[in-house]
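Here is a short briefing on one protein model. Please keep the sequence and the structure open while reading.

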Amino acid sequence: DKGDKYRVIAFDQATEHFGLSIFDDGKLIYYKLFVFTGSAINRMVKIRKMIDELVIKQWKPDYIVFEDIQYQNNYQTYKKLAMLLGLLIVAAKNGGVEWDVVPPVTWRSHFNISGKRETVKKQAIMKVATMYNINVVDDVAEAILIGKYYIDKSLAKTQIKKAF
């Protein structure tokens with residue numbers, strides 16, 4: 001039970017490997033890699049069910065952060081990721097949960113992560129190992145950093161409001 005804590009759930013989403021992180025009042029409390037199998041549409045059906053039943057109904061987030069999609073030389077993959085992101089946004093909206101979409105370049109620059117795909121994935125794993133003393137796969141590391149980025153950004157806004 002989350003009590004009166006402010007819960008943020010962040011995703012590094014894809015149709016097969018789906019990283020998730022949960023923060024209560026800015027503290028990392030849970031992280032997991034979900035692996036989905038079957039055809040792309042069947043994976044999306046399973047993901048939507050997980051979002052509706054587990055994420056929204058059981059974990060009751062106050063805010064969900066999704067990673068934005070980016071084109072990586074494969075139109076079919078880009079199309080599937082766009083469909084998945086739309087599906088997730090609709091799930092959040094239907095569940096009455098506020099949400100945001102963060103471009104990879106935005107959260108990565110917040111943590112001084114840059115370079116080619118393999119390099120940024122390794123940097124994310126190392127950053128999470130340093131910050132939280134845990135070893136996770138890249139999809140989970142990125143979900144954690146996406147959530148932490150949102151929390152840092154939110155805290156900065158709160159600090160600025162308090163200053164005035």
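**Sheet pairing**

I64 has W99 as its bridge partner in β5. The model is a predicted one.

**Strand β4 and its partners**

- Strand β4 covers residues 63-67 and pairs with β5 in the parallel sense. Five bridges link the two.
- F66 also has a bridge partner in β5, namely V101.
- V65 of β4 stands opposite A10.
- The pairing of β1 with β4 is parallel too, over four bridges.
- How many residues of β4 are buried? Five of its five are, and the strand is mostly covered.
- Y63, V65 and E67 point one way from β4. I64 and F66 point the other way. All of them are buried.

**Strand β1**

- β1 is largely enclosed by the rest of the structure, because six of its six residues are buried.
- Both faces of β1 are covered. R7, I9 and F11 lie on one side, and V8, A10 and D12 on the other.
- β1 pairs with β2 in the antiparallel sense, over six bridges.
- A hairpin of four residues joins β1 to β2.
- A10 has S21 as its bridge partner in β2. A10 also stands opposite V65 in β4.

**The whole sheet**

- In what order do the five strands lie? The order is β3-β2-β1-β4-β5. The sheet is open and its pairing is mixed.
- β3 (27-35) and β5 (98-102) are the edge strands, and each pairs on one side only.
- Neighbouring strands are turned by 20 degrees against each other on average, direction ignored.
- Helix α1 (residues 40-58) packs on this sheet. The helix touches β1 (7-12), β2 (17-24), β3 and β4. The direction of α1 makes about 15 degrees with that of β2.

**Helices α1 and α2**

- Helix α2 spans residues 75-94. The axes of α1 and α2 come within 10 Å and cross at roughly 25 degrees.
- Angles under 35 degrees count as roughly parallel. The two helices, α1 and α2, are therefore roughly parallel to each other.
- Is the crossing of α1 and α2 left-handed or right-handed? The crossing is right-handed.
- On the α1 side, A40, M44, I47, R48, I51, D52 and I56 make the contact.
- On the α2 side, the contact residues are K80, M83, L84, L87, L88, V90, A91, A92 and N94.

**K46**

- K46 lies in helix α1.
- K46 is partly exposed, at a relative accessible area of 39%.
- Leaving aside residues up to four places away in sequence, K46 touches F36 and T37.
- K46 and Y150 are 104 residues apart in sequence. Their C-alpha atoms are 26 Å apart in space.

**Nonpolar cores**

- The largest nonpolar core has 23 residues. V8, V65, W107, I113, V128, I144 and L145 touch the most other members.
- Which elements give two or more residues to this core? They are β1, β4, α4 (117-132) and α5 (138-163).
- α5 supplies the largest share of the core, eight residues.
- A second, separate core has 22 residues. Among them are F11, F36, M44 and L84.
- M44 and L84 are also part of the contact between α1 and α2. F36 is also touched by K46.

Definitions and conventions: Residues numbered from 1 in each chain as written. Predicted model: local features only at pLDDT ≥ 70, side-chain atom pairs only at ≥ 80, totals over all residues. Heavy atoms only, no water. Pairing = 2+ DSSP bridges. Axes fitted to C-alpha atoms, helices over the stretch in contact; angles between N-to-C directions. Contact = heavy atoms within 4.5 Å. Core = buried A, V, L, I, M, F, W, Y, C linked by side-chain atoms within 4.5 Å. Buried < 20%, exposed > 50% of the residue type's maximum accessible area, 1.4 Å probe, protein only. Parallel < 35°, antiparallel > 145°, perpendicular 65-115°, else oblique. Left-handed = near helix turned anticlockwise from the far one by under 90°.
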